[in-house]
Amino acid sequence: MFKNTFQSGFLSILYSLGTKPLQIWDKEVVDGHIKRPQDEDIQSNVLEIIGTNVQSTYITCPADPSATLGIKLPFLAIIVKNLKKYFTFEIQVLDDKNVRRRFRASNFQSVTRVKPYICTMPLKLDDGWNNIQLNLADLTKRAYGTNYVETLRVQVHANCRLRRIYFSDRLYSEEELPPEFKLYLPIQKS
């Protein structure tokens, strides 16, 4: 999908304020919903994914199951709201041994498990909005002893609210981020 695109800095694959935030995503909803409500904390539209079973309600990118993202940028950032329910997401990467590996982070797991094709990790979310940042190159090296080549697929399961999902060439501090990549929190009135 992005394989032949020049990639540096930031590459966004989901932004809740766009006209069609799920344009390149596929949706699967069983006993739940995917909506765009206004979030009271940030006074902005967000993408809400809710389901009774985290496995059966999710969004996946790219929408075409035979396509891959082809994103070489090694840092993934997900701006997500903790809804105090079970939540999980999964990233599929390709390593330099030409093996597809998956990293799954969940807030209902307590230990990290590394199996040949999937690494499951616990996810600790603070109350409210969180900026999850993963160094996929480092994760691939530590879990499998191989080198990260590219990200093939991203899947985000219920239950969460999303603001943005993007890749970057390095970790950026809040001050370095372009304005549209920041999560503006309302000014507290005393």
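User: Which residues have the most contacts inside the largest nonpolar core, and how many residues does that core have?

Analyst: This is a predicted model. A nonpolar core is read as a set of buried residues, such as Val, Leu and Phe, joined through side-chain atoms. Here the largest such core has 39 residues, and Phe89, Val156 and Leu162 have the most contacts inside it. Strand β15, residues 160–168, gives the most to this core, with four residues.

User: With which residues is Leu162 in contact, leaving aside its neighbours within four places in sequence?

Analyst: Contact is read from heavy atoms within 4.5 Å. By that criterion the partners of Leu162 include Leu14, Val46, Leu47, Ile49, Ile59, Trp129 and Val156. Ile78, Ile79 and Val80 are also in contact with Leu162, as is Ser16. Another core, of ten residues, lies apart from the largest one; among its members are Ala77, Tyr166, Leu177 and Phe181.

User: How many cavities of 30 Å³ or more does the structure hold, and how much space lies in the largest?

Analyst: A cavity is a space where a probe fits but cannot get out. The structure holds one of 30 Å³ or more, and about 50 Å³ of space lies in the largest cavity.

User: Which residues line the largest cavity, and which element gives the most to that lining?

Analyst: The lining consists of Phe10, Phe75, Leu76, Ala77, Gln133, Tyr166, Ser168, Arg170, Leu171, Tyr172 and Leu177. Strand β8 (75–82) and strand β15 each give two or more residues to the lining, and β8 gives the most, with three. By class, eight lining residues are nonpolar, two are polar and one is charged.

Conventions: Residues are numbered from 1 along each chain as its sequence is written. This is a predicted model: local features need pLDDT of at least 70, side-chain atom pairs count only at pLDDT 80 or more; totals for chains, interfaces and linings use all residues. Side-chain values use heavy atoms; hydrogens and water are left out. A nonpolar core is a set of buried Ala, Val, Leu, Ile, Met, Phe, Trp, Tyr and Cys residues joined through side-chain atoms within 4.5 Å. Buried means under 20% relative accessible area, exposed over 50%, partly exposed in between (1.4 Å probe, protein chains only). On a 1 Å grid over the protein atoms alone, a cavity is a set of points where a 1.4 Å probe fits but cannot get out, and a pocket is an open set with protein on both sides within 12 Å along at least five of seven lines; lining residues have an atom within 4 Å of a point. Grid points are joined across faces, edges and corners, and a volume is the space filled by probe spheres set on the points. Ala, Val, Leu, Ile, Met, Phe, Trp, Tyr, Cys and Pro count as nonpolar, Asp, Glu, Lys and Arg as charged, and the others, Gly among them, as polar.
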